[in-house]
Amino acid sequence: MATKIRLQRGGRKGYAVYRIVVADVRAPRDGRFTEKLGTYNPNTNPATVDLNFERALYWVEVGAQPTDTARNILKGEGVYMMKHLRGGVKKGAFDEAAAQAKFDAWKQAKTKTTEAIKAGEEKVKKEAAAKSLEAEKKVNEAIAKKVAEKKAAAEAAKAEAEAPAETAETAEAPAEA
């Protein structure tokens with residue numbers, strides 16, 4: 001039986017979430033599968049992958065052929081790196097401990113780059129929020145300035161209206177005397 005590692009669609013319309021499964025080549029995309037290896041959520045940034053590493057490595061070593069997207073996911077998680085290192089151990093190029101050390105170093109470097117990307121995105125978001133806050137403050141200051149000018153103009157008009165009335169009263173008072 002020929003097997004494939006593929007994605008099985010789930011989620012709702014416009015928000016797809018996938019299961020990474022091992023299935024018979026003849027099975028439909030969302031049909032019967034042999035084993036679920038994990039999940040893949042492309043909606044997050046960066047995409048979230050939850051993978052049973054040992055079982056995925058087993059199926060790749062047994063000969064299951066992944067689809068293009070599944071292969072990219074497995075490469076990103078290091079399944080193919082570990083397969084390559086295990087091949088080196090079998091050939092006697094190095095021992096199991098050296099292979100694990102190389103894999104750990106690769107995984108650490110990958111984690112650092114992912115964290116750097118996340119930190120960069122957070123920094124960009126914070127800068128954008130700060131810029132929008134500054135722009136909003138400027139708009140609010142302009143509005144406050146206009147309101148203050150209107151209030152000053154209204155008070156000036158009110159003072160002008162009261163001033164002639166007071167001058168008229170003061171002008172009438174001496175005439176009465």
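The model is predicted, with residues numbered from 1 along each chain as its sequence is written; local features need pLDDT of at least 70, side-chain atom pairs count only at pLDDT 80 or more, and totals for chains, interfaces and linings use all residues. Side-chain values use heavy atoms, with hydrogens and water left out. The predictor's confidence in each residue is given as pLDDT, from 0 to 100. Its mean for the protein is 90, and 93% of the residues reach 70 or more. Helices (H or I, at least four residues) and strands (E, at least two) are DSSP runs, numbered from the N terminus. Confidence is highest in strand 3 (residues 35–41), at a mean of 96, and lowest in helix 4 (residues 96–176), at 87.

Five strands make up an open sheet in the order 4-3-2-1-5, with mixed pairing. Strand 4 (48–51) and strand 5 (65–66) stand at its edges with a single partner strand each, so one side of each has no neighbour in the sheet. Two strands count as paired if DSSP finds at least two bridges between them. Strand 1 and strand 2 run antiparallel and are joined by 10 bridges; within this pair, R6 has V21 as its bridge partner. The two strands form a hairpin with 2 residues between them, and G14 in the turn has a positive phi of about 80°. Strand 1 and strand 5, in contrast, run parallel and share 2 bridges, and here I5 stands opposite P66.

Next come the helices. Helix 1 lies across strand 1, strand 2, strand 3 and strand 4, running at about 115° to strand 3 (axes are lines fitted to C-alpha atoms, for helices over the stretch in contact, and angles run from 0 to 180 degrees between N-to-C directions). Buried means under 20% relative accessible area, exposed over 50%, and partly exposed in between (1.4 Å probe, protein chains only). F53, A56, L57, W59 and V60 are the buried residues of helix 1. They cover an arc of only 165° around the axis, which puts them on the same side of helix 1; the arc is that of the directions from the helix axis to the C-beta atoms. Just after this helix, G63 takes a positive phi of about 120°.

In helix 2, the buried residues are A70, I73 and L74. Their arc is only 95°, which places them on the same side of helix 2. The face turned away from that buried side carries the exposed residues D68 and N72. G78 follows helix 2 with a positive phi, near 95°.

These elements meet in the largest nonpolar core, which has 21 residues, with I5, I20, L37, L51, L74 and V79 making the most contacts inside it. Helix 1 gives the largest share of this core, 5 residues. Such a core is a set of buried Ala, Val, Leu, Ile, Met, Phe, Trp, Tyr and Cys residues joined through side-chain atoms within 4.5 Å. Contact means heavy atoms within 4.5 Å, and I5 touches residues including I20, L37, W59 and L74.

Helix 4 also holds A129, which counts as partly exposed at 42% relative accessibility.

Note on methods. Lists of a residue's contacts leave out its neighbours within four places in sequence.
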